[in-house]
Amino acid sequence: MNNHPCFNIDSKDKYARVHLPVAPTCNVQCNYCDRRYDCCNESRPGVSSMLLSPDQALYFLKALSEKMPNISVIGIAGPGDPFASPEITMRTVRLVKKEFPEKIMCLSTNGLDLFPYIDELVEIGLSHLTITINSVKSETLAKLYRWVRYNKRVYRGEAGGDILLEQQLRCLQRTKERCIVVKINTVICPGINDSEVEEIAQKVADLGADTMNCIPLYPVENTEFAFLPIPSEEAMGEIKSVVAQHIRPMKHCTRCRADAVGLLGSDNTEMINFIGQISAF
Ligand code: SF4
Ligand code: SF4
């Protein structure tokens, strides 16, 4: 975990990360997400992003690595879910790992469609993964997700929650069997899942997750949860203390954009503009 600024707080001022915005679509609809913007729980809502093809992403990375040699992590975190369009994600991971075998490859997903790709990802060299698990109860997941699309069928309510949870836990178990370092993201939505965090922490710790990152809801206009309150700093502090009894909490997440570049908390706008120029071709 040493050189990954998200997994190791001591690296955050030394090593930079880049998120390649190659994932165009999503396989679920979270009630806090407006897909016209960056989302995937790894981003700051309200900031629009561009999309790159796998080849454009590689071209960008080659230019970036000359300007920013301290990049240690290359990730895919949106703007949709990486496994809603697995062919794009897998092609990107293959291209990137072939060109930059020494860099850490990291993906962030809701886990719904990840399972069939885990073994191949390990063979390519994926070492770090984030799975967003917002509840371990189907009835709560029914309140958090408007729909879940799995194997070309759309599920709503608890049926959607059942499928999502089953796949997420299966993926967590398998990724740990394959020795991937796994972070769990949980978006704290007051009145919906904030009282269930201990249960989530216990479950993911039992399955071997390495760290848990609780992210306060950022209510986005035009979403179901637009009028939910933002969890207070005090409430988030208490949540992290509860989490700490079961699993190491991540405390320095900066909710990065899906096209973030640079050290955590200080995005490099020059390079983000460069991504925009590439995506225009
Ligand atoms: Fe948005 Fe990510 Fe939820 Fe998909 S999984 S709806 S991209 S926040
Ligand atoms: Fe790391 Fe959080 Fe940024 Fe993801 S959103 S890259 S976990 S700091």
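Student: Leaving aside its neighbours within four places in sequence, which residues is Ser85 in contact with?
Tutor: Bear in mind throughout that this is a predicted model. Ser85 belongs to the loop between strand 3 (71-76) and helix 2, and its relative accessibility of 7% makes it count as buried. Once neighbours within four places in sequence are set aside, the contacts of Ser85 are with Pro24 and Thr25.

Student: How many helices and strands are there in the protein, and what percentage of its residues is buried?
Tutor: The protein has eight helices and 12 strands. Of the contacts with a separation of 6 or more, 77% are accounted for by residues 24 or more positions apart. As for burial, among the 281 residues of the protein the buried share is 57%.

Student: What share of the accessible surface belongs to carbon and sulfur atoms?
Tutor: The accessible surface of the protein comes to about 12,000 Å², and the part of it that belongs to carbon and sulfur atoms is 49%.

Student: Where in the chain do the two partners lie, and is Tyr117 buried or partly exposed?
Tutor: Phe83 is in the loop between strand 3 and helix 2, while Tyr117 is in the loop between strand 4 (104-109) and helix 3, so that the pair links parts of the chain 34 residues apart. Phe83, at 2% relative accessibility, counts as buried. Tyr117, at 23% relative accessibility, counts as partly exposed.

Student: Which ring does the charged end of Arg170 sit over?
Tutor: The charged end of Arg170 is placed 3.7 Å from the centre of a ring, and that ring belongs to Phe115.

Student: How many residues apart in sequence are the parts tied together by the salt bridge of Asp55 and Arg91?
Tutor: The closest N and O atoms of Asp55 and Arg91 are 2.9 Å apart, and the two residues form a salt bridge. Because Asp55 lies in helix 1 (residues 54-67) and Arg91 in helix 2 (residues 86-99), the parts that this pair ties together are separated in sequence by 36 residues.

Student: Are these two residues, Asp55 and Arg91, buried or partly exposed?
Tutor: Asp55 has a relative accessibility of 43% and counts as partly exposed. Arg91, at 36% relative accessibility, likewise counts as partly exposed.

Student: How far does helix 5 reach from its first C-alpha to its last?
Tutor: Helix 5 (residues 157-177) has 21 residues, for which 30 Å is expected at 1.5 Å a residue. Its buried residues include Gly160, Ile163, Leu164, Gln167, Cys171 and Thr175.

Student: Which residue forms a salt bridge with Lys176?
Tutor: Lys176 is in helix 5, and its partner is 34 residues apart from it, in the loop between helix 6 (197-206) and strand 9 (211-216). The side chains meet at 2.7 Å, N to O, and the partner is Asp210.

Student: Which residues are linked in a network of salt bridges?
Tutor: One salt bridge joins Arg178 and Asp119, whose closest N and O atoms are 3.0 Å apart. Arg178 is in the loop between helix 5 and strand 8 (181-188), and Asp119 is in helix 3, 59 residues apart. The network consists of Asp119, Arg174, Glu177 and Arg178.

Student: What distance separates the C-alpha atoms of Val122 and Cys179?
Tutor: Val122 is placed in helix 3 (residues 118-124), and beyond its neighbours within four places in sequence it is in contact with Arg178 and Ile180. Cys179 follows helix 5 and has a positive phi, near 65°. Although Val122 and Cys179 are 57 residues apart along the chain, their C-alpha atoms are separated by 8.7 Å.

Key:
Residues are numbered from 1 along each chain as its sequence is written. Chains are lettered from A and ligands numbered from 1 in the order in which they are written. This is a predicted model: local features need pLDDT of at least 70, side-chain atom pairs count only at pLDDT 80 or more; totals for chains, interfaces and linings use all residues. Side-chain values use heavy atoms; hydrogens and water are left out. Helices (H or I, at least four residues) and strands (E, at least two) are DSSP runs, numbered from the N terminus. The expected span of a helix is 1.5 Å times one less than its number of residues. Buried means under 20% relative accessible area, exposed over 50%, partly exposed in between (1.4 Å probe, protein chains only). Contact means heavy atoms within 4.5 Å. A salt bridge is a side-chain nitrogen of Lys or Arg within 4 Å of a carboxyl oxygen of Asp or Glu. A charge sits over a ring if NZ of Lys or CZ of Arg is within 6 Å of the ring centre and within 35 degrees of the ring normal. Accessible areas come from the Shrake-Rupley method with a 1.4 Å probe; for residues, only the protein chains shown count as cover.
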